[in-house]
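Hello,

Here is the structure I promised to pass on to you. Please have a look at it, and then read on for what I found.

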Amino acid sequence: MEEFEVSEAAKKTKTIYISTIFSIALVLLMLGMLGLILVHAKNLSNYVKENIVLNIIVDEGAKETDIIAFQKELNGNPAIKQTEYVNKEVAQHNLTKDLGEDFVNFLGYNPLLSTVDVYMKADYANNQNIDALKKNIEKNPIVKEVVYQSSLIDMVNKNINTIGLIVLGFAIILLVIAVALINNTIRLAIFSQRFLIKSMQLVGATKNFIRKPFILVAALHGLIASFIAIIILLGLLYYAQKEIPEILILRNYTEFGFVLIGMVAVGIFITSMSTLFAVSRYLRLKIYDLYR
């Protein structure tokens with residue numbers, strides 16, 4: 001009978017620890033995902049800004065050699081990341097693909113003009129720099145018109161700053177919630193061991209002697225939970241990269257490594273500290289308070 005009770009208690013304790021590990025892993029997973037967003041916020045911002053296109057419509061009478069020379073001149077501008085020359089034939093092919101039918105057969109001619117698409121560097125992707133560049137480009141005799149959406153650029157820059165503040169605030173809130181969740185989970189797990197803690201204390205064990213094994217086990221649980229969270233996070237990123245190829249902009253292994261190390265450190269630190277406080281609390285309690 002006694003062996004059965006010990007076995008049942010061991011199973012119950014094991015179940016509590018397993019649920020604790022997975023609960024901590026889920027919290028660390030959320031922190032890891034948010035950490036990735038925070039450390040790659042600059043990359044995401046640059047990616048959005050550098051995909052704003054400035055369309056330079058070339059005069060119909062311009063020679064191919066003049067357009068290519070003009071493109072080379074643009075590529076030498078420090079504010080420009082890259083340019084792409086789209087001649088009439090390529091523009092026709094792209095529009096036909098989008099429409100699903102050949103509009104030239106209907107119209108009898110190709111009304112499209114050749115363009116040079118300009119992509120700015122992130123630091124120069126604002127209306128002030130683009131307006132200055134536009135005025136300079138329009139001086140070239142082969143340029144018919146320069147088109148860009150100034151309202152879109154303003155909106156992108158304002159929204160990126162707003163989103164950055166929101167994400168930072170959300171990160172702080174989530175970190176507080178994560179600490180509270182892990183702390184409560186640990187306290188519930190230690191609660192089942194309160195009589196063991198008090199029994200050890202009654203037979204003469206010192207407080208540090210009692211705390212040490214609980215903290216070591218908690219640190220191990222934090223380490224296991226962080227590895228589980230990292231495996232899930234890597235799986236989610238692998239799936240996301242297959243579905244959204246553009247997410248490759250997040251492939252900065254140095255920053256990614258810092259996030260993973262941070263997950264492990266946070267997992268071990270919070271579980272250890274929460275266990276320390278929880279065990280210390282039960283060490284201070286009187287015997288009759290354990291039943292409350």
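Helices α9 and α10 are roughly antiparallel to each other, because angles over 145 degrees count as such. In this predicted model, α9 (residues 207–243) and α10 (residues 253–284) pack at about 150 degrees, with 7 Å between their axes. Axes here are lines fitted to C-alpha atoms over the stretch in contact, and angles run from 0 to 180 degrees between N-to-C directions. The crossing of the two is right-handed, that is, the near helix is turned clockwise from the far one by less than a right angle. Their contact has 20 nonpolar, seven polar and two charged residues, with Gly counted as polar and Tyr, Cys and Pro among the nonpolar ones.

As for the chain, ten helices and four strands make up its secondary structure; these are DSSP runs (H or I, at least four residues; E, at least two). Their order along the sequence is α-α-β-α-β-α-α-β-α-β-α-α-α-α. Of its 292 residues, 36% are buried (under 20% relative accessible area, 1.4 Å probe, protein chains only).

Thr115 is buried, at 16% relative accessible area. Leaving aside residues up to four places away in sequence, Thr115 touches Ile56, Ile57, Val58, Glu84, Tyr85 and Val86 (heavy atoms within 4.5 Å).

Two notes on conventions: residues are numbered from 1 along each chain, and side-chain values use heavy atoms, without hydrogens and water. Local features need pLDDT of at least 70, side-chain atom pairs count only at pLDDT 80 or more, and totals for chains, interfaces and linings use all residues.

Best wishes

Definitions and conventions: Angles under 35 degrees count as roughly parallel, over 145 as roughly antiparallel, 65 to 115 as roughly perpendicular and the rest as oblique. Buried means under 20% relative accessible area, exposed over 50%, partly exposed in between (1.4 Å probe, protein chains only).
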